[in-house]
Each structure stands twice: as C-alpha cells, then as structure tokens.
Amino acid sequence: MRTKFWKYYPLDELSQEEWEALCDGCAKCCLTKFEDEETHEVWYSSIHCQYLGKDCRCQVYDQRLTKVPGCIEMTPAAAKDYDWLPESCAYRRVALGQPLPNWHPLITGSRQSMERKGQSVWQLDPAPICETQVNDEHWQDYIIGKG
Ligand code: SF4
Ligand code: SF4
C-alpha cells in the first residue's frame, strides 16, 4: 500500500488492497436505517442484518448483494452519493475530502483503536438486535439516532 494513500489519491485510483484497508470494520452500514418520508432524514436503528458476524464481518460477503437486496456495493460514486453513510465512514470521508478519524486503523496501525473508541456496532448500548428477532410493529423502539 502507498504511504498515506487515503490522503493523496482519490478513491477511484486506489488499489484493491488500499480500498479494502479503508474500511474501519465498524459495521454501522449493516444496521437498519429508516428514512423520514417528509424530511428525508435518515435514522439509524440498533437492528442489525442477520448476516453480520460477531467479528463485525459479513458472513455472506460474496453473495451479499443477492441475499440482501438492501445491501450495497461500496464504490467511489456510492461513497460520495450515499449521504446516509455514517459520518465516521472512511469511504465517505475520503470522497468528501475529509481526514480519517484519529482512531482509524490506518492511522493507529491497529483495528483495536476503533473498538477502544466504541465505534463497533457491538459496543452499542443496548446491544444491537438481529432483524429476525424484531417484530415489524416495534421497529421504532430501536431508533438510536442519525448516522
Ligand atoms: S460504515 Fe464504512 S467504514 Fe464502517 S464498516 Fe461500513 S463501509 Fe466500513
Ligand atoms: S449482507 Fe453482509 S454486508 Fe450486507 S448488510 Fe448484511 S452483514 Fe452487512
């Protein structure tokens, strides 16, 4: 990987290795989100996708786009356009010309710094709940705030 590539190169010029390294592993993008029909504000919930593993990794990564219609493929264009991505998301930040947060694994050299900063979805309090365990009528109970 090139030195501080996230600072000096646009997303569409990154190697595959650099692209993958940008993900901080927070898994916030695997939480269910709701959009206010009137204001178009996006609200995050503590409901997680059924395929999210306890290690914050997708258990069906190669088939995710067919198994979960709402799952997205991150691309340079998506990183810029998807304003519902969490503010901490490295793809969004680089696409917008913003610096990486100081706890990002590429800055600290360790993924543990992300967890120490409480950025992993498994550190939410109360803990996230699987989508398969939520009654459709009660989803509003799980709203936790904006991204
Ligand atoms: S929100 Fe961004 S940085 Fe966090 S897991 Fe999703 S893609 Fe990776
Ligand atoms: S399919 Fe995988 S990547 Fe997509 S939302 Fe679910 S856990 Fe996340």
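A residue counts as near a molecule or strand if its C-beta atom, placed from the backbone, lies within 6 Å of that molecule or strand. Keep that in mind for the first stop.

This is a predicted model, where local features need pLDDT of at least 70, side-chain atom pairs count only at pLDDT 80 or more, and totals for chains, interfaces and linings use all residues. Residues are numbered from 1 along each chain as its sequence is written, while chains are lettered from A and ligands numbered from 1 in the order in which they are written.

**Stop 1: ligand 2.** Select ligand 2 and then its surroundings: Cys30, Cys49, Tyr51, Leu52, Cys58, Val60, Arg64, Val68 and Cys71. This shell has 8 nonpolar, no polar and 1 charged residues (Ala, Val, Leu, Ile, Met, Phe, Trp, Tyr, Cys and Pro count as nonpolar, Asp, Glu, Lys and Arg as charged, and the others, Gly among them, as polar).

**Stop 2: Cys56.** Now pick Cys56, in the loop between β2 (42–48) and α3 (64–67); helices (H or I, at least four residues) and strands (E, at least two) are DSSP runs, numbered from the N terminus. Its phi is near 70°, a positive value in a residue other than glycine. Cys56 is buried, having 21 other C-beta atoms within 10 Å (buried means 20 or more such atoms, exposed 12 or fewer, and partly exposed in between).

**Stop 3: Ala27.** Move to the loop between α2 (16–22) and β1 (31–35), where Ala27 sits. The phi of Ala27 is also positive, near 70°, and Ala27 is buried, with 21 C-beta neighbours inside 10 Å.

**Stop 4: Pro126.** Finish in the loop between α7 (112–116) and β3 (129–130), which holds Pro126. Asp125 and Pro126 are joined by a cis peptide bond, with omega about 0°.
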